[in-house]
Amino acid sequence: MGKKDDRDDVQITELLRTSQSWDGAEMPDYPIGRPELVAIRYVFPPGKKLGWHHHDVMNYGVVQQGELTIVTLDGKEKTVREGEAVVEMVGTIHHGENRGSVPVILDMFYLSQKGQPLSVPHPEIPMEY
């Protein structure tokens, strides 16, 4: 009698496989050098907006709760719902906001290098752009 494989009891669901950010732009090549992988959980209270910023590093995430709307300076929007994955844009200024009535919990994963900022803020751009 064969041994039961524990993997038979594990449900595996691929949430995302892509080489593009949510707006369709191709991701850049990996930088040369040792990577630093960073995982961050963001919690957006209802009505909260994260200020304008851009990323020089590739990153992606999964919404654990609520709905997060990502907005670019030129007005493009993407709403990511609970359980959905999203690849953020590299080099494009944007912000995230919670337009819902429950906190948004977002886990983001950054493919960075030591000393490189995960995001670059743009406080000079008013939120009511």
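Predicted model: local features only at pLDDT ≥ 70, side-chain atom pairs only at ≥ 80, totals over all residues.
Let me start with the surroundings of His122. Setting aside neighbours within four places in sequence, this residue is in contact with Trp52, His53, His54 and Ile93.

Where does His122 lie? It is found in the segment after strand 9, which spans residues 120-121. Is His122 buried or exposed? Its relative accessibility is 14%, and because buried means under 20%, His122 counts as buried. The side chain of His122 also has a polar partner: a polar contact of 3.0 Å joins it to the side chain of Glu124.

Let me now turn to the strands in this region. Strand 2 covers residues 49-54, and strands 2 and 9 run antiparallel, joined by two bridges. His53, one of the contacts of His122, has Pro121 in strand 9 as its bridge partner.

This pairing belongs to a wider arrangement. Five strands form an open sheet in the order 5-4-7-2-9, with antiparallel pairing. Its edge strands are strand 5, residues 77-81, and strand 9, each of which pairs on one side only.

Next, the pockets. The volume of the second largest pocket is about 210 Å³. Its lining has 19 residues, and those nearest the centre are Tyr42, Leu50, His53, His55 and Glu88.

Which strand provides the largest share of that lining? Strand 2 does, with four residues. Strands that each supply at least two residues include strand 1 (36-44), strand 4 (67-72), strand 7 (94-97) and strand 8 (104-112). By residue class, the lining divides into 11 nonpolar, seven polar and one charged.

Finally, the largest pocket holds about 290 Å³ of space. Its lining consists of Leu16, Arg17, Thr18, Ser19, Met27, Pro28, Tyr30, Met58, Asn59, Tyr60, Val87 and Leu111. Here strand 3, residues 58-65, gives the most, with three residues. The classes in this lining are eight nonpolar, three polar and one charged.

To close, I return to His53. This residue is in contact with the buried His122, is bridged to Pro121 in strand 9, and is among the residues nearest the centre of the second largest pocket. Thank you for your attention.

How values were computed. Residues numbered from 1 in each chain as written. Heavy atoms only, no water. 1 Å grid on protein atoms, 1.4 Å probe; cavity = no way out; pocket = protein on both sides within 12 Å on 5 of 7 lines; lining within 4 Å. Points joined across faces, edges and corners; volume = space filled by probe spheres on them. Nonpolar A, V, L, I, M, F, W, Y, C, P; charged D, E, K, R; others polar. Buried < 20%, exposed > 50% of the residue type's maximum accessible area, 1.4 Å probe, protein only. Polar contact = N/O pair within 3.5 Å; in protein donor to acceptor, adjacent residues only side chain to side chain. Contact = heavy atoms within 4.5 Å. Pairing = 2+ DSSP bridges.
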